[in-house]
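The following note concerns the packing of secondary-structure elements in the entry shown below. Please read the points alongside the coordinates.

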Amino acid sequence: MPIKLLLLLVSFVMVDKTAAAVSDRYQSATQARINGSYMIVVLADGAKTMVPVASLTPEDHEWLLALSRKNPMAGGKSSVTVITEAEANPVRAKKTIVTATIDGPLETVRLCQPNVMRDQIGGTCMLYARIHWLDIAGFYTKTPDIYKIINGTPPNAPWREPRYVRGLTTVFTTHQPQPARHRLPPQADPFEWARGELRKGRPLLAAFPREIWQALPPGFVAAHPWNGGNVGHQIVINGFTWNKETRQGIFHIINSWAELPAFDLTTEAAGGGALAIEESLSPIGEVLKETGAGSVKEVVKSIRLIKAVGAVNLYEVETTLSTRRMMAASESAVRDLVENP
């Protein structure tokens, strides 16, 4: 067989194999054009389609690229704009405030309940309080995801299981967008700060370290063990009443016991360390300032040189929020690090 004829047959076979590998919808396409990362194709029936180049198989891409050179499609005036999923599906802000009234000296604020009131298993109040806290703010956690954290943990000492301890963090990090948490500022009056955060629609994570157990039925304590450490029992606050003249009121508590899912705690009973305020949580969709809504600017009060350490110095720094030691080249560098982080 002559060489030329053999090469011609081989080329026909290769073209036939390539065509066979091309998707049916593109084999009969009449025109094509590359527009950035997209390929615009005119199909046999005259319909136009636009597909991401990255989604094409190598055979389809080669076929359409050849078609765009052989029979290019005229460019139009339209353009393609790629947007992120967050831009395409913006988060709807949750309105958590159900009641906000002032009647003379008496103010009442109440946020919504959790969508699902849960009953903790064993001593897992730290997890279930966080689930309620997130739920009020619009971040719902599915039941199977909760069981993945607590299954196999010691029921009366879950904090001994690393998976449970990690779960106290992952219940936040698995949500998108990430929940915005606000710590109680060191210099703030806890109850005043708590009422201010509730006025913004932010539920509070709190705890009963010790004394509050004296005010609850003994049966509750016996049925719901806790670790007896620094945090006796974790709960959530979703409302308050406050009389500014008598300086008395209540906090409304969301609990994780089926026998006592919610109750009111007087500010008198909550005083003296019986109720520890920890953090607030922004409702999903809340627009925060660049510095963080609810944050307090830290200002340097004094700087004391302790000693030189190589090319830098060790300073003791007292600020409006804390006292700590810092390494820096100079006092001005310390001030800049603290006040302009």
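**Note on strand pairing and helix packing**

1. In strand 2, Q31 has V42 as its bridge partner. Strand 1 and strand 2 (residues 38-42) pair in the antiparallel sense over five bridges. Two strands are taken to pair if DSSP finds at least two bridges between them. Helices (H or I, at least four residues) and strands (E, at least two) are DSSP runs, numbered from the N terminus.

2. The model is predicted: local features need pLDDT of at least 70, side-chain atom pairs count only at pLDDT 80 or more, and totals for chains, interfaces and linings use all residues. Residues are numbered from 1 along each chain as its sequence is written, and side-chain values use heavy atoms, with hydrogens and water left out.

3. Three strands form an open sheet in the order 1-2-3, with antiparallel pairing. Strand 1 (31-35) and strand 3 (48-52) are the edge strands, each pairing on one side only. From one strand to the next, the twist averages 20 degrees. Helix 3 (residues 58-70) lies across strand 1 and strand 2 and runs at about 100 degrees to strand 1. Axes are lines fitted to C-alpha atoms, for helices over the stretch in contact, and angles run from 0 to 180 degrees between N-to-C directions.

4. Strand 9 (residues 248-257) and strand 10 (residues 260-266) also pair in the antiparallel sense, over six bridges. A hairpin of two residues joins strand 9 to strand 10. The bridge partner of F251 in strand 10 is L265.

5. Helix 5 (residues 125-137) packs against helix 6 (residues 143-150) at an angle of about 160 degrees, with the axes 11 Å apart. That angle makes helix 5 roughly antiparallel to helix 6; the classes are roughly parallel under 35 degrees, roughly antiparallel over 145, roughly perpendicular from 65 to 115, and oblique for the rest. The contact (heavy atoms within 4.5 Å) is made by L127, Y128 and I131 of helix 5 and I146, Y147, I149 and I150 of helix 6. By class, this contact of helix 5 with helix 6 has seven nonpolar, no polar and no charged residues. Here Ala, Val, Leu, Ile, Met, Phe, Trp, Tyr, Cys and Pro count as nonpolar, Asp, Glu, Lys and Arg as charged, and the others, Gly among them, as polar.

6. Helix 6 and helix 7 pack at an angle of about 145 degrees, with their axes 8 Å apart. In this contact, K148, I149 and I150 of helix 6 meet R163, Y164, G167, T170 and V171 of helix 7. The contact of helix 6 with helix 7 has four nonpolar, two polar and two charged residues.

7. For helix 5 and helix 7, the packing angle is about 5 degrees and the axes are 10 Å apart. Helix 5 and helix 7 are therefore roughly parallel to each other. Residues C125, M126, L127, R130, I131, W133 and L134 in helix 5 meet Y164, G167, L168, V171 and F172 in helix 7. The contact of helix 5 with helix 7 divides into ten nonpolar residues, one polar and one charged.

8. Rings of Phe, Tyr and Trp (its six-membered ring) pair if their centres lie within 6.5 Å, with planes under 30 degrees apart counted as stacked, over 60 as edge-to-face and the rest as tilted. The count by this rule is three aromatic pairs. The rings of W133 and F172 have centres 5.8 Å apart and planes at 80 degrees, so the pair is edge-to-face. W133 lies in helix 5 and F172 in helix 7 (residues 162-173), so the pair ties together parts that are 39 residues apart in sequence.
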